Amino acid sequence: MIKKNWLAFSLAFVLPILVVFWWWGGLNTATVAPGMGGPYHYVYIEHIGNFGKIPDIQQKVSDALHAQGITPGNAITILYDDPRITQKRDQRARVGYLLPAGVSVKPPLQIDDMPVRPVLSARVQASMLLAPSAAYQALHDYLQPSGQDIRMPSVELYVAGNSINQMGILTVEIPR
């Protein structure tokens, strides 16, 4: 039955999945370049545990900022541990948003600054579901020929798209 209707099956099921994957930026490649990162002034909540919970923490920070009458800037996440070698329960991150200098916040939020520093950055335009894997894979591929690997901490900066039809841009910075 499927052999006879493979075209209809493809058009009805496979093609829509491929179109959504393309629309979300799944076919976009990341660009890698050395440069300088920062300075960043950011508000955050410390997270210890599975990095898979970061979107929930990001929402918690956003809600806390809005409750204090502060509009969050672009999302920032600082990953201190490599998830390939660190157990999920031990993974550490700071999850938050960039803020203009001089803004004060109340607990549970904290504020910190990251100075200008030399980084290797990967940049990709895709949804937040697909962008990290593309960026980290590009960094890995860039470093592998010289016998190096991704070093932590990494800084993830996500600039959301301007509309529902435009995917955001993720930049991942690692120490050089």
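**Salt bridges and burial**

Author: The structure contains six salt bridges. The model is predicted, so local features need pLDDT of at least 70 and side-chain atom pairs count only at pLDDT 80 or more, while totals for chains, interfaces and linings use all residues. Residues are numbered from 1 along each chain as its sequence is written, and side-chain values use heavy atoms, with hydrogens and water left out.

Reader: What makes the pair Arg-94 and Glu-46 a salt bridge?

Author: A salt bridge needs a side-chain nitrogen of Lys or Arg within 4 Å of a carboxyl oxygen of Asp or Glu. The N to O distance for Arg-94 and Glu-46 is 3.3 Å, so the pair qualifies. Arg-94 is in strand E4 (residues 92-98) and Glu-46 in strand E2 (residues 40-48), 48 residues apart; strands here are DSSP runs (E, at least two residues), numbered from the N terminus.

Reader: Why is Arg-94 called buried?

Author: Buried means under 20% relative accessible area, exposed over 50%, and partly exposed in between (1.4 Å probe, protein chains only). Arg-94 has 15%, so Arg-94 is buried.

Reader: Why is Ser-62 called buried?

Author: Ser-62 has a relative accessible area of 10%, so the term applies.

Terms used
Helices (H or I, at least four residues) and strands (E, at least two) are DSSP runs, numbered from the N terminus.
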